[in-house]
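Q: I have just opened this one and would like someone to walk me through it. Could we go piece by piece?

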Amino acid sequence: MKKAASPSRTRRSLLWIILLAVLCVGAAELAACSVFAPAVYEQITAPARRGAQAALQTCGRAAAAAARTSENAHRLVSRRVAAAGVQASVLWSRLTAPRVEELPEADIQLADGPALTDGGPAADPAVTELNVINGQEILTGGTIPIVYFNQGSETWAEQPYGTDDIGRYGCGPTAMAMVVSSMTDTGTDPQQMAQLAVSLGHWAKRGGSYLSVVEGLAAEAGLAAASLQERTPEALMNALLNGNLVVALMGPGHFTKSGHFIVLRGVTLSGKILVADPNSQERSLMEWEPELILEELSRSTDHGAPLWVISAYPPVGG
């Protein structure tokens, strides 16, 4: 048995039919009006057209604003990416570029004559002499035999030290070449040590070497470099008599007019100091009073200056 529709559903259906009819009649009347009474049609539809136009304009403005925002965001991101790239490039160049700032005047090393010429007496050949053994010059009589290099020799003088040359500015690498060649099995020379010093950032343009050169090159060779804090003749001689070498940064006096690295290599029976001067074979064959060495040391104290005890093992008690 078919169930009868409820009165409320019947009324809703009737309302939809009536509304659809009204819409159809209205659409037909508008269509007729647009043909037979254009002025009336324009008056009736104008509010709807204005609303639609306003809506379209609003959407257009929103789209344009969104496009501008997107473009500005893209430009901002591009600028920030470019700036970050520039900053990264600058940072990388600063990290990798050799230091070229000038040394303080007191630390500049320059091969020149000594400020004072009344040096120590020439050592007796029985105490020390310079021999050629297997093609190498060897200074005898010190703590250990020293492989001797002279920065001003024809072999090394014109070799590069950064944009400078070893002959005028390379006392640091030359002194360390003597130390490393004498205390290790590493076969090296002033040119190789100069190249290493540059790569490690120890070269100072038109100033010689930063004072970090001693510790830096010693560490690369597996040697210990410790600052000698007690600057007395006894402490200096004890360091040498214990089998070490000592690198000294000299100030104006009997070794230089400016700054100069030399190697202290031994003590004689009479209590004098033997040296290996990378700029003078003559001074390397003299005996020197320890008091004179201490008096003419550089006043610089950076990186352990002016005296470094070099040992083949970490020193006990510094």
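Q: Let's start with strand β10, is it buried or exposed?
A: This is a predicted model, and in it 8 of the 8 residues of strand β10, residues 260-267, are buried, so the strand is largely enclosed by the rest of the structure.

Q: Which strand does β10 pair with over 5 bridges?
A: That is strand β9, residues 245-250, which pairs with β10 in the antiparallel sense, and within this pairing Val 246 stands opposite Leu 264 of β10.

Q: And how many bridges join β10 to β11?
A: There are 4 bridges between β10 and strand β11, residues 273-276, and the two run antiparallel; Val 267, for instance, has Ile 273 in β11 as its bridge partner. The hairpin of β10 and β11 has 5 residues between the strands, and in that hairpin Gly 271 takes a positive phi near 85°.

Q: What is the order of the strands in the sheet?
A: It is an open sheet of 6 strands, ordered β8-β13-β9-β10-β11-β12, and the pairing is antiparallel. At its edges stand β8 and β12 (287-288), each of which has a single partner strand, so one side of each is left without a neighbour in the sheet.

Q: Which helix lies across β10?
A: Helix α7, residues 233-241, lies across β9, β10, β11 and β13, and its direction makes an angle of about 70° with β10.

Q: Tell me about β13 then. Why is it described as largely enclosed?
A: Strand β13 is largely enclosed by the rest of the structure because 5 of its 5 residues are buried. Both of its faces are covered, with Leu 307, Val 309 and Ser 311 buried on one side and Trp 308 and Ile 310 buried on the other.

Q: Which residues face each other where β13 meets β9?
A: Strand β13, residues 307-311, pairs with β9 in the antiparallel sense over 4 bridges. Leu 245 has Ile 310 as its bridge partner in β13, while Val 247 stands opposite Trp 308.

Q: How many bridges are there between β13 and β8?
A: Those two strands pair over 4 bridges, in the antiparallel sense, and the partner of Ser 227 in β13 is Trp 308.

Q: Staying with Ser 227, is it buried or exposed?
A: Ser 227, which belongs to strand β8, residues 224-227, has a relative accessible area of 15% and is therefore buried, the cut-off being under 20%. Its side chain makes a polar contact of 2.7 Å with the side chain of Gln 229, and a polar atom of the Ser 227 side chain lies 3.0 Å from the backbone oxygen of Gly 304.

Q: Changing topic, which residues touch the most other members of the largest nonpolar core?
A: In that core of 37 residues, they are Met 176, Val 179, Val 214, Val 247, Phe 261, Trp 308 and Ile 310. Helix α4, residues 171-183, supplies the largest share of this core, with 8 residues. Another core, of 21 residues, lies apart from it and includes Leu 228, Ala 239, Trp 288 and Leu 294.

Q: What is Val 247 in contact with?
A: Leaving aside neighbours within four places in sequence, Val 247 is in contact with Met 176, Val 179, Val 214, Phe 261, Ile 262, Pro 306, Leu 307, Trp 308 and Ile 310.

Note on methods:
Residues numbered from 1 in each chain as written. Predicted model: local features only at pLDDT ≥ 70, side-chain atom pairs only at ≥ 80, totals over all residues. Heavy atoms only, no water. Buried < 20%, exposed > 50% of the residue type's maximum accessible area, 1.4 Å probe, protein only. Pairing = 2+ DSSP bridges. Polar contact = N/O pair within 3.5 Å; in protein donor to acceptor, adjacent residues only side chain to side chain. Contact = heavy atoms within 4.5 Å. Axes fitted to C-alpha atoms, helices over the stretch in contact; angles between N-to-C directions. Core = buried A, V, L, I, M, F, W, Y, C linked by side-chain atoms within 4.5 Å.
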